[in-house]
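Visitor: Could you take me through one part of this model in some detail? I'd like the cut-offs spelled out as you go.

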Amino acid sequence: MADILNDFLGIKKSTLTFFIKNRANEINKQGIICIFPFTSMSFLFNGSTWNCTCPNWPKYNIGNIKHNSIAGLWNSDTARWIRRKMYEGEWQDICKPTCPIIVDYLRSNKFIKYEDLEKIELLSPELINEIRTKKDYLESPPVYFQPDISSICNLRCIMCGANQTKDDPAIQKKLWAELEHYLLTAKEIFLTGWGDPFARPDTRELLINYKGPAKFRILTNGLLLPKYWEQIKHQKFVSLSISTDAATKETYEKIRVGGKWEDLLKVLALVKQNKDRFRYSMLNMTVMRSNYKEIPQFIDLSESYGFNCFFQSLCGKFGNENIFELKDTTAIDELKEIVINETLKKRSIIVLWGTLLPYLNIPSNINLHIIC
């Protein structure tokens with residue numbers, strides 16, 4: 001972690017500890033960096049459970065749904081310890097420095113002040129009171145759920161770890177049985193790309209039949225959206241993110257094996273026609289050797305259809321694709337130049353650089369969007 005932080009912040013190792021401690025003291029008095037440990041639960045195919053929206057960002061899970069209940073996991077010893085660390089501002093003990101929220105905090109010193117908690121839709125008055133009084137055992141239930149418990153997908157992308165996992169029907173049955181109660185009062189449900197939400201029967205049926213108050217966030221390859229749009233368009237949506245990873249037919253069909261570029265363009269046209277149904281829509285790119293040179297074209301593509309766009313670094317080596325883990329300085333320097341050049345352009349959309357920034361050491365005087 002220290003090496004990434006040193007490069008990202010431009011701080012010598014001798015002053016890094018002081019920098020982190022000084023920031024922590026400020027947070028401890030005024031607010032918290034992230035609300036996820038107080039609102040969110042995500043579940044993976046093997047039952048591991050996290051009080052975050054992405055298992056790649058925290059250092060620890062809070063238990064396993066296979067052996068525990070949602071209620072038990074929500075206030076497990078680890079969950080409560082994570083909340084205490086968040087109150088204390090000691091994020092380095094619980095979070096990885098590549099988390100976009102941590103990246104944004106380190107770069108801009110942005111955090112959530114206690115006085116601003118009412119502005120956050122996910123928070124009830126009861127939960128706001130619990131956070132302000134620094135409770136680690138929460139009476140308030142989780143309100144944001146992410147059931148990543150199936151790898152069923154209509155594509156076989158070259159950088160997808162889901163291809164190497166196996167679904168566990170027992171975990172799926174137990175989780176959905178427990179979630180039935182919680183989804184009646186949930187505020188948001190995030191259906192992600194660990195398996196495609198429209199290829200997976202469980203999440204597809206949820207989208208079609210759900211009658212609760214929650215709004216949906218959807219991360220998908222999008223190709224099955226036209227088939228099911230009429231059956232799901234009655235739902236309330238926060239966002240639709242389409243994993244695209246390319247700006248040309250050749251690169252798209254190389255990375256997203258089984259997908260057709262022409263089908264993707266039809267999906268983008270459909271979403272553009274219905275853009276008022278989503279608070280925001282996004283095209284996503286997982287940056288790797290095969291596509292990083294297409295970033296300018298990718299932003300042009302996003303803008304032409306009215307999508308914002310989001311970039312993230314590849315997790316895992318996947319042969320020669322991960323320029324970050326391989327420390328390919330030539331490619332990384334070229335990527336840095338691309339990011340700076342694109343940031344200086346005036347756009348009608350928001351371009352989010354996500355988890356790329358810790359690897360690029362971009363000067364702090366350049367204004368960058370990291371998270372929404």
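Guide: Here is a walk through the sheet, the helices packed by it and some charged pairs. This is a predicted model, so local features need pLDDT of at least 70 and side-chain atom pairs count only at pLDDT 80 or more, while totals for chains, interfaces and linings use all residues. Residues are numbered from 1 along each chain as its sequence is written, and side-chain values use heavy atoms, with hydrogens and water left out.

Let's start with the sheet. It is open, has ten strands with mixed pairing, and runs in the order β4-β3-β2-β6-β7-β8-β9-β10-β11-β12. Helices (H or I, at least four residues) and strands (E, at least two) are DSSP runs, numbered from the N terminus, and two strands pair if DSSP finds at least two bridges between them. The edges are β4 (63-64) and β12 (351-352), each pairing on one side only.

Now zoom in on β9 (residues 237-243) and β10 (residues 280-287): they run parallel and are joined by five bridges. S239 sits in strand β9 and stands opposite Y280 in β10. S239 counts as buried because its relative accessibility is 3%; the cut-offs are under 20% relative accessible area for buried, over 50% for exposed, and partly exposed in between (1.4 Å probe, protein chains only). Leaving aside residues up to four places away in sequence, S239 touches F216, R217, I218, F278 and Y280, where contact means heavy atoms within 4.5 Å.

Across β9 and β10 lies helix α12 (residues 261-273), running at about 160° to β9. Axes here are lines fitted to C-alpha atoms, for helices over the stretch in contact, and angles run from 0 to 180 degrees between N-to-C directions. Helix α12 also packs with α10 (residues 225-232), at an angle of about 25° and with the axes 10 Å apart. That makes α10 roughly parallel to α12, given that angles under 35 degrees count as roughly parallel, over 145 as roughly antiparallel, 65 to 115 as roughly perpendicular and the rest as oblique. L225, P226 and W229 of α10 meet V267, L270 and V271 of α12. By class, that contact has six nonpolar, no polar and no charged residues; Ala, Val, Leu, Ile, Met, Phe, Trp, Tyr, Cys and Pro count as nonpolar, Asp, Glu, Lys and Arg as charged, and the others, Gly among them, as polar.

Further along, α13 (residues 295-305) and α14 (residues 329-343) cross at roughly 35°, their axes coming within 10 Å. I295, P296 and I299 of α13 make the contact with L335, I338 and E342 of α14, giving five nonpolar, no polar and one charged residues.

On to the charges: the structure holds 21 salt bridges, each a side-chain nitrogen of Lys or Arg within 4 Å of a carboxyl oxygen of Asp or Glu. One of them joins R289 to D328, with the closest N and O atoms 2.8 Å apart. This pair links distant parts of the chain, 39 residues apart: R289 is in the loop between β10 and α13, and D328 in the loop between β11 (308-313) and α14. R289 counts as partly exposed, at 27% relative accessibility. Salt bridges that share partners also join D300, E303, E342, K345 and R347 into one network. Another pair is K233 with E230, at 2.9 Å from N to O; K233 is partly exposed at 33%, whereas E230 is exposed at 58%.
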